[in-house]
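Subject: Structure handover

Dear colleague,

Here is the structure I said I would pass on. My notes on it follow below.

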Amino acid sequence: MIQSETLELLEWHRLCQHLSTFAATKLGAIASLHLKIPASQAASQQLLAQTKEVYQLETRTTIGLSFEGIQDIGDSLERAERSGILAGDELLAIATTLAGTRNLRRVIDNQEDLPTLAALVADLRTYPELEQEIHRCIDERGQVTDRASLKLGEIRTDLRKIRSQITKKLQNILQAKSGAVQEQLITQRGDRYVIPVKAPQKDAIPGIVHDTSTSGATLYVEPNSIVPFGNQLRQTIRKEQTEEEAIRRTLTQQVAAVKPDLERLLAIVTTLDLATARARYSFWLGANPPRFINREDNEMITLRQLRHPLLVWQQQHEQGQAVVPVDLLISPHLRVVTITGPNTGGKTVTLKTLALAVLMAKVGLFVPAREPVEIPWFDQVLADIGDEQSLQQSLSTFSGHIRRISRILNALDHEEQSENAALSPACTDAIHRVSSNALVLLDEVGAGTDPVEGSALAIALLQYLANHAQLTIATTHFGELKALKYEDERFENASVEFDESTLSPTYRLLWGIPGRSNALTIARRLGLKPEVVTQAKTQVGGATDEVNQVIAGLEAQRRRQETKAAEAQSLLQQAERLYKEVSAKSDALQEREKALRADQEVAVQRAIAQAKSEIAQVIRRLQKGTPKAQDAQQATDALNQISHKYQPKVAPKPKVGFMPKVGDRVRISQFGQTADVLTAPDADGEFSVRFGIMKMTVKLEDIESLDGQKPEPVVKPKPAPAPVTQPEESAPAIRTSRNTVDLRGNRVADAEIILDKAISEAIGPLWIIHGHGTGKLRQGVHAYLHQHPRVSHHEPAAQADGGSGVTIAHIK
């Protein structure tokens, strides 16, 4: 009973109504209005997983989940099971529901990261064959089609023939008796075809009068000549109805045969629609997914910028005032929080906001607070909010509160007994009794009676709840309750802020500071005589005034800290923004540098390929005939031109001649900073410098003068190198037929004889073709060249000249 009372006090039904407006189907709307609160945390986790996945799907795709065509077919399934015959529109609703459900499953199956929704629709059966059969037999208007059966098609063909015959005969009568008819019109009365005949001339067209006009001037007559056709038409229509009923009966039996699967289909569709409604409502609220915490694991309740969902709706749809969010950060060791402050300051709204946040998380809704949203899963939410005064039941305000609080305590005892009964006797002996995992909300605890007794009762009640409830939030005006914080670490104070300059609350919640009485201040500002207020202050006493001054100082100090924190947060956000901008520019520069390097590499490779091509042309010109000295000189000139054309320009050397001295200012190239020289360079060219507050050792090559001169390099004495005989500059080595020996097909012994003769006659490099083969001939040639006295060294030829299949021997 107290659970339903709490939901009524929190206006839970209004939130359910708001949620139902986001449902896409009638079943989803009904489920939203009668939202069930899960009894286990696992069930809540499952609902939250569904909401998260639908939320992801809705934000990822432009369409999301579409429930088009899905209808409430529950009553039709019940009638089908009871051997009733479904109407055409009912059968059509079943077919469209099957098609709509299949589309839902297709959308979910096409996504990869929706495990909860995929598991929900995994065993879904949509019976496409039943849907196709219904569409074959029932058209879009819910009527049985001609193709439903061969017999029905023949009956309707007969109907068309009979109607055509009747219409033709009536047309003939209208033309023949045009003077007796009121107008050239064929109409129907019931299922009989009639024509309008003037009352005075009814004998001109003998027949059966089926109707008369209001004035009596027109009689609607079925001529005797078409009465037999009318009778035949009626009999054929009856046959048609009988055949249509047989077709609908067959389809109904097919539906009844799969009723359990279709009922499960409706349940799954309703679950999906409810999850979609939760996701869309959460998105509209700007809410975030909660994480259930365990306070026993030293986790804190974190609800920053928490907003009341009903007030948000009122602001958006009913032109209400802006919603002021509250911050609820409750440490794990706290069991009771007392909120004090003036009336209409927002204390009761804070209680309701927290309770609704807990219930929203339990039913799988996101919580309208800033991330992270961390909240316990409470077994029960019990509240005493508002005034239960009742004249009919002879209840005063105090009595109403006590009755409801008694029900809350009984509910806590019942839960404790259930939890302790689940423990083994050994566990019961080893640990204390388990307290109830409940959230208790008390508004104006102890009010409505003598202040002294009410305060004592409130203290005793809160101390009891500290031992028997997971968390209790209570609002009060009793100053004695503020002192509980200093006697028991499980208690905490909070207050609602009041702006004395405007005599109005700010609706902000201040933690750690007890609320102070503003009654005398408000009375003075509202024009109460000063002498009355002064007398009241003397009655209150100086100690109370001093306490209020201390509280006012704490509030001012908190406001200053909040201002500084806001400024620091602004600076931090600005720094983060600048860091992102610098990082983006750095990334852009790096990408540009990579692109330039790639372009340069492509240009170098292109230049190398062009140079190789031109060199190859020079070589081919030399290979065409017997080379002469003049040809060699021309080739040398051409190669020099190619080298000059493609070699990179050498940057001019910097000025040399500067040598730093102690006291000079130099520039460190690596950092782009100027520094003071502290010591002279040593033999290795190293010396100490200072820039700013830093000292470091640098080398001469790392610095330059302020005008750009490079220092003189330190030259260490080296031993005189042995004289090297410089070879005379000669023409470049060019391969021709005269300095090329082909050894392919020879044995190693025969090849050595040929090589010895060629080496003795060679003047420059000698190209030796031995091929690849098994590699023995190449090994023998290399061994012979290695020990020959006239061969200085040998190397494989370039790839264009044969690569490893050709060896170049350089002759001394």
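Axes here are lines fitted to C-alpha atoms, for helices over the stretch in contact, and angles run from 0 to 180 degrees between N-to-C directions. One thing to keep in mind throughout is that this is a predicted model.

Helix packing

Two packed helices are described by the angle between their axes and the distance between the axes. Helix α5 (residues 74–81) packs with α11 at an angle of about 170°, and the axes are 11 Å apart. Angles over 145 degrees count as roughly antiparallel, and α5 and α11 are therefore roughly antiparallel to each other. On the α5 side the contact involves Gly-74, Leu-77, Glu-78 and Glu-81, which meet Lys-259, Leu-262, Glu-263 and Leu-266 in α11. By class, the residues of this contact of α5 with α11 are 3 nonpolar, 1 polar and 4 charged.

Ser-83 has a phi near 65°, which is a positive value in a residue other than glycine. Ser-83 sits in the loop between α5 and α6 (88–109).

The other helix pair in these notes is α2 (residues 12–20) with α12 (residues 309–317), where the angle is about 55° and the axes are 10 Å apart. These two helices, α2 and α12, are therefore oblique to each other. Their crossing is left-handed. Arg-14, Leu-15 and His-18 of α2 make the contact with Pro-309, Leu-310 and Trp-313 of α12. Sorted by class, the residues of the contact of α2 with α12 come to 4 nonpolar, 1 polar and 1 charged.

Aromatic pairs

Searching the whole structure gives 6 aromatic pairs. In one of them, Phe-22 and Trp-284, the ring centres are 6.3 Å apart and the planes are at 55°, so the pair is tilted. This pair links distant parts of the chain, 262 residues apart: Phe-22 is in the loop between α2 and α3 (26–33), and Trp-284 is in helix α11 (residues 259–285).

The sheet with β5, β9, β6 and β7

Strands of a sheet pair through backbone hydrogen bonds, either parallel or antiparallel. An open sheet of 4 strands runs in the order β5-β9-β6-β7, and its pairing is mixed. Its edge strands are β5 (290–293) and β7 (326–330), each of which pairs on one side only. From one strand to the next the twist averages 30°.

Which sense does the pairing of β5 and β9 have? It is parallel, over 4 bridges, and Pro-290 stands opposite Val-373 in β9. Strand β6 (residues 301–306), in contrast, pairs with strand β9 (residues 370–376) in the antiparallel sense, over 2 bridges.

The peptide bond that joins Glu-371 and Pro-372 is cis, with omega about -5°.

Helix α13 (residues 347–362) lies across β5, β6, β7 and β9, and runs at about 115° to β6.

The hairpin

Strand β3 (residues 207–212) pairs with strand β4 (residues 218–223) over 5 bridges, in the antiparallel sense. Val-209 has Val-221 as its bridge partner in β4. The two strands, β3 and β4, form a hairpin with 5 residues between them, and Gly-216 in the turn has a positive phi of about 80°.

The sheet with β16 to β20

An open sheet of 5 strands has the order β19-β18-β17-β16-β20, with antiparallel pairing. Strands β19 (694–699) and β20 (703–705) are at the edges with a single partner strand each, so one side of each is left without a neighbour in the sheet. On average, neighbouring strands of this sheet are turned by 45° against each other, direction ignored.

At one end of that order, strand β16 (residues 665–668) is joined to β20 by 3 bridges, and the two run antiparallel. Val-666 stands opposite Ser-705 in β20.

Regards

Definitions and conventions. Residues are numbered from 1 along each chain as its sequence is written. This is a predicted model: local features need pLDDT of at least 70, side-chain atom pairs count only at pLDDT 80 or more; totals for chains, interfaces and linings use all residues. Side-chain values use heavy atoms; hydrogens and water are left out. Angles under 35 degrees count as roughly parallel, over 145 as roughly antiparallel, 65 to 115 as roughly perpendicular and the rest as oblique. A crossing is left-handed if the near helix is turned anticlockwise from the far one by less than a right angle, and right-handed if clockwise. Contact means heavy atoms within 4.5 Å. Ala, Val, Leu, Ile, Met, Phe, Trp, Tyr, Cys and Pro count as nonpolar, Asp, Glu, Lys and Arg as charged, and the others, Gly among them, as polar. Two strands pair if DSSP finds at least two bridges between them. Rings of Phe, Tyr and Trp (its six-membered ring) pair if their centres lie within 6.5 Å; planes under 30 degrees apart count as stacked, over 60 as edge-to-face and the rest as tilted.
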